[in-house]
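Hi,

Here is the structure I said I would pass on. Have a look at it first, and my notes on what turned up follow below.

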Amino acid sequence: MIEPESRLQIVFADLRRAVDDVIGKHQVTLDELIAAIDWLQHVADAGELTAASIFFYKTVQQATDGATYAHPEKDGASYWEMQGPAHLPGAPVLHSPAVLPMRPDEPGEPLIVSGTVRTTAGAPVPGATLEIWQIDANNVYSGLDSSAFAPLNIPNDSTGVPTYNLRATIVADADGRYEFRTVMPGVETFGLNPHSPLDTLVHALRLQGLRPLHIHSMVSAAGCQPLTTQIYFDGDPLVDGTVEGAVPAAAVKTTTRHDNPDDYNARGLSQPYRTLTYDYVLRPS
Ligand SMILES: [Fe+2]
């Protein structure tokens with residue numbers, strides 16, 4: 001009887017084929033191959049081997065956690081994006097239109113995000129819930145310390161920040177519409193040590209060890225597959241230059257700035273604000 005190939009054999013054979021293709025296509029020399037292995041040894045010696053997964057982490061997550069949304073181009077469903085380590089369950093539930101929990105003097109330009117939750121068939125999804133979380137303008141996630149981001153070495157001191165600051169579950173209205181006010185997010189780093197082997201490679205690739213500006217969301221509704229995604233911002237150079245790989249173009253949104261005092265005063269604000277529209281498209285289960 002012939003033993004079936006193990007998963008290890010199957011995946012390794014494919015990996016070897018892919019590497020062979022790259023070597024052949026670019027005429028990679030033996031010296032270059034040995035230099036690459038040598039670099040890997042430096043990464044291991046620096047304790048960065050696990051952190052090096054940032055290059056492919058998102059791809060792996062999409063192939064597993066995001067598998068049901070892996071081909072949104074087929075039916076127009078929203079792009080799946082990784083949940084990441086900054087999610088914190090138990091955020092307060094608020095009905096749309098809502099203001100995310102924030103401090104009275106919350107830093108950052110106000111931002112109002114609104115849109116509709118609908119299915120790929122175009123039907124609005126009444127009462128959908130949108131769990132929203134983001135980093136603040138001081139580059140801190142509330143309710144977490146640095147240990148939440150291991151094995152990455154991401155500094156996150158949330159001392160003095162309310163646990164659920166800039167976190168909430170928003171309930172959409174009977175027409176699937178939602179609106180919440182927040183502030184423009186700060187910058188999240190991958191926490192690479194400056195001039196470490198991994199950091200040096202990231203810079204040699206002309207990439208940044210920073211995430212693009214983003215707002216996380218997890219959208220749930222009866223009869224639909226839950227969607228984890230992120231909203232990105234047009235004009236943010238990190239959208240095209242981050243170490244994590246391409247950000248889906250459909251998730252990159254333009255904001256409109258409103259600087260007329262009559263306008264922002266009517267909103268109860270004392271400064272200009274931005275608006276952004278984003279429709280979440282869920283795949284029926
Ligand atoms: Fe994040």
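**What I found**

Strands 7 and 8 run antiparallel and are joined by 6 bridges. Strand 7 is largely enclosed by the rest of the structure, because 5 of its 7 residues are buried.

Before going further, please keep in mind that this is a predicted model.

**The sheet around strand 7**

On to its other partner. Strand 7 also pairs with strand 4, again in the antiparallel sense, over 5 bridges. There, E131 stands opposite M218 of strand 7. Strand 4 (residues 129–133) is in turn joined to strand 5 (residues 167–171) by 5 bridges, and these two run antiparallel. If you want a place to start on that pair, W133 has R167 in strand 5 as its bridge partner.

So where does that leave the sheet as a whole, and what is its strand order? The sheet is open, has 6 strands in the order 1-5-4-7-8-9, and its pairing is mixed. Strand 1 (93–95) and strand 9 (252–253) are the edge strands, each pairing on one side only.

**The cores**

Which residues have the most contacts inside the largest nonpolar core? They are V117, I132, I170, V219 and L282, in a core of 39 residues. At least two residues of this core come from each of strand 3, strand 4, strand 5, strand 6 (177–183), strand 7 (214–220), strand 8 (227–233) and strand 12 (280–282). Another core lies apart from this one; it has 9 residues, among them I54, F149, L198 and V243. As background, nonpolar side chains in soluble globular proteins tend to be buried together.

Leaving out residues up to four places away in sequence, V117 touches V125, A128, A172, G176, Y178, V219, A221, Y280 and L282.

**P110**

P110 lies in strand 3 (residues 110–119). Is P110 buried or exposed? With 22 other C-beta atoms within 10 Å, P110 counts as buried, because the cut-off for that is 20 or more. Its contacts, again not counting residues up to four places away in sequence, are R181, V183, L269, Q271 and Y273. A46 is another matter: A46 and P110 are 64 residues apart along the chain, and their C-alpha atoms are separated by 41 Å.

**Helix 1**

Helix 1 is hardly covered, as the count of buried residues among its 20 residues is 0. How far apart are the end C-alpha atoms of helix 1 (residues 7–26)? They are 29 Å apart, which agrees with the 28 Å that its 20 residues should span at 1.5 Å a residue. Q27 follows helix 1, and its phi is positive, near 50°.

**The whole chain**

Zooming out, the secondary structure comes to 5 helices and 12 strands. The C-alpha atoms fill a box of roughly 65 × 50 × 30 Å along the principal axes. Of the 285 residues in the protein chain, 30% are buried. Taking the contacts with a separation of 6 or more, 71% are between residues 24 or more positions apart.

Over to you!

Technical notes
Residues are numbered from 1 along each chain as its sequence is written. This is a predicted model: local features need pLDDT of at least 70, side-chain atom pairs count only at pLDDT 80 or more; totals for chains, interfaces and linings use all residues. Helices (H or I, at least four residues) and strands (E, at least two) are DSSP runs, numbered from the N terminus. The expected span of a helix is 1.5 Å times one less than its number of residues. A residue is buried if 20 or more other C-beta atoms lie within 10 Å of its own, exposed if 12 or fewer, and partly exposed in between; C-beta atoms are placed from the backbone. Two strands pair if DSSP finds at least two bridges between them. Two residues are in contact if their C-beta atoms, placed from the backbone, lie within 7 Å. A nonpolar core is a set of buried Ala, Val, Leu, Ile, Met, Phe, Trp, Tyr and Cys residues joined through C-beta atoms within 7 Å.
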